[in-house]
Amino acid sequence: MKKKQKHYYRTFIRPFTMLIFIVWALLFTDSSIHANYFEDFYNGVEKFSELPGQVNQLKKSYLETLDELDRTKQSAKAFEEQNAQLVEQNRQLAETVNHLKEVNELKDANARKFKNMLITVLLLVAGYFIGIRVLRFAMRYSNRRKPL
């Protein structure tokens, strides 16, 4: 009989303990946990369904970036060409400036030569007149001393 009581005790206590544990788990646990599984699944499906749109948006952004890169390359190429033109123009201007400097130096040299020549001519003319006067004076002075 003791065996039957033990068996009855085991068969009654175990299901009763399990029932109390299940009731306690249902009452004291947050019921949103069960809803979160479905909500998480729904959010995952929703995000997964949004992926093609995001992929298309990324492709569009990628294509726009490629277009902008091409425009930037073209702009850089145009700047390089413009820079080459400016370098050539700068070289031509430098040659022109050097040529103008040479012309100006020749002009200044000619002006100096003309000035020196003019001063020399004026000094020679003045020297000639002064020399003639001095020679006349000397001849008069020498003629006064010697009676003829």
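In this predicted model, Glu-88 has a relative accessibility of 34% and is therefore classed as partly exposed, a class that lies between under 20% for buried and over 50% for exposed residues. The side chain of Glu-88 takes part in a salt bridge with Arg-91, in which the closest N and O atoms are 2.3 Å apart. Because the two residues are 3 positions apart in helix H2, about one helical turn separates Arg-91 from Glu-88.

Arg-91, itself partly exposed with a relative accessible area of 39%, also meets the side chain of Glu-95 in a salt bridge, with an N to O distance of 2.4 Å. Here the spacing in helix H2 is 4 residues, which again places about one helical turn between Glu-95 and Arg-91, and Glu-95 is likewise partly exposed, at 44% relative accessibility.

Elsewhere in the model, Phe-114, Met-117, Leu-118, Val-121, Leu-122, Val-125, Tyr-128 and Phe-129 make up a nonpolar surface patch of about 830 Å². One of these residues, Met-117, is found in helix H2, which covers residues 32-145, and its relative accessibility of 48% makes it partly exposed. According to the unreviewed UniProt entry, the annotation "transmembrane region" covers residues 12-29 and 117-135. In the model, the span of residues 117-135 is 100% helix and 0% strand, and its end C-alpha atoms lie 26 Å apart.

Terms used: Residues numbered from 1 in each chain as written. Predicted model: local features only at pLDDT ≥ 70, side-chain atom pairs only at ≥ 80, totals over all residues. Heavy atoms only, no water. Patch = residues over 30% accessible without salt bridge, like charges linked within 9 Å, V, L, I, M, F, W, Y side chains within 5 Å. Areas by Shrake-Rupley, 256 points an atom, 1.4 Å probe, with all protein chains shown as cover. Salt bridge = Lys/Arg side-chain N within 4 Å of Asp/Glu carboxyl O. Buried < 20%, exposed > 50% of the residue type's maximum accessible area, 1.4 Å probe, protein only. UniProt positions renumbered as here; feature names shortened; annotations may be inferred.
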